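Open the model in your viewer and keep the selection tool ready.

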Amino acid sequence: MNTIYLDSNDSDDLRRQRLYQGQVYVYSSRPSTRALCDFARELTEEAFGSLNPCEAQHHLPVEKFVAILADLKPRFIHHPRSKVLIQAMLADLGCDMEQTYFDVPRLRTAADGDYLKSGLAYAFHPHRDTWYSAPACQINWWLPVYEFASDSAMALHPPYWDKPLKNGSREYDYGRWNAESRHQAAQHVKTDTRRQPRPEEPVQVDPQVRIVCPPGSVYLFSAAQLHSTVPNTSGKTRISVDFRTVIRNDAAEVVGAAGERGIGLCLKKSAGTR
Ligand SMILES: [Fe+2]
């Protein structure tokens, strides 16, 4: 990764080509992205009542906080309006709507300090989504719902774009995860014992890149990009939305991230070392 494109007019084909080379695209808040952000806020504020959602963790026992998220998150994720808003946003940002498939959006909460780092506010260790069975052509879309700071951001680790990183993906079974582990998230309050693919060698987390952008803006990066949750020391809960897209033809032709010289193909041969 050497370039961050801001409010680019690139076509989706060119954008994907560059995303597959490890570049990043950032779009300022616009009506279609703002609408998704506003809807996430509406449900979130409904759920937290009179409390400011970004400060609620300082006023609630963690079990109560988790109970609120356990109700809120699936409501947002599976709400028909979330899907309509994402479709509108993808069309507005130049995606080919015949070819573009998206996963339901996740609502993420990264709590300040040690309050909650597991289950419904999982603090992600450095990982590539491709370790979690994502195809090499998967694009991640990340959108903040409220203002956040560098010390509550997500970090990208671009030096690993072309560098293999030994990891535990050989142990990970996406079908099993969906069947058994995902719905247990709310039970993991103090620790998270669900098996996830992790680096199996030391990771140099610096240099890293943190993109800090206003609510309603959105940035895109490849699923092969190494990324992690920054330990939140901002004093506030970071609340964000992310979802993934895949272009049908790219998936069929096994086109995708150029990082690590064709990670999608390599995964089949030697899972666990890429
Ligand atoms: Fe991820």
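This is a predicted model: local features need pLDDT of at least 70, side-chain atom pairs count only at pLDDT 80 or more; totals for chains, interfaces and linings use all residues.

Residues are numbered from 1 along each chain as its sequence is written. Helices (H or I, at least four residues) and strands (E, at least two) are DSSP runs, numbered from the N terminus.

**Helix H2.** Select residues 31-48. The end C-alpha atoms of H2 are 25 Å apart, which agrees with the 26 Å that its 18 residues should span at 1.5 Å a residue (1.5 Å times one less than the number of residues). Now colour Thr33, Leu36, Cys37, Ala40 and Thr44: these are buried (20 or more other C-beta atoms within 10 Å of the residue's own; exposed means 12 or fewer, partly exposed in between; C-beta atoms are placed from the backbone). Look down the axis of H2: its buried residues fall within an arc of 95°, so they line one face (the arc is that of the directions from the helix axis to the C-beta atoms). On the other side, Pro31, Glu42 and Glu46 are exposed. Just after H2, Gly49 has a positive phi of about 60°.

**Strand S8.** Select residues 218-222. Five of the five are buried, so S8 is largely enclosed by the rest of the structure. S2 (residues 24-27) runs antiparallel to S8, joined by three bridges (strands pair if DSSP finds at least two bridges between them). S5 (residues 139-144) pairs with S8 in the antiparallel sense over four bridges.

**Glu201.** Finish in the loop between H5 (174-181) and S7 (209-210). Glu201 is exposed, with 8 other C-beta atoms within 10 Å. Leu165 is 36 residues away in sequence but 7.2 Å away in space, C-alpha to C-alpha.
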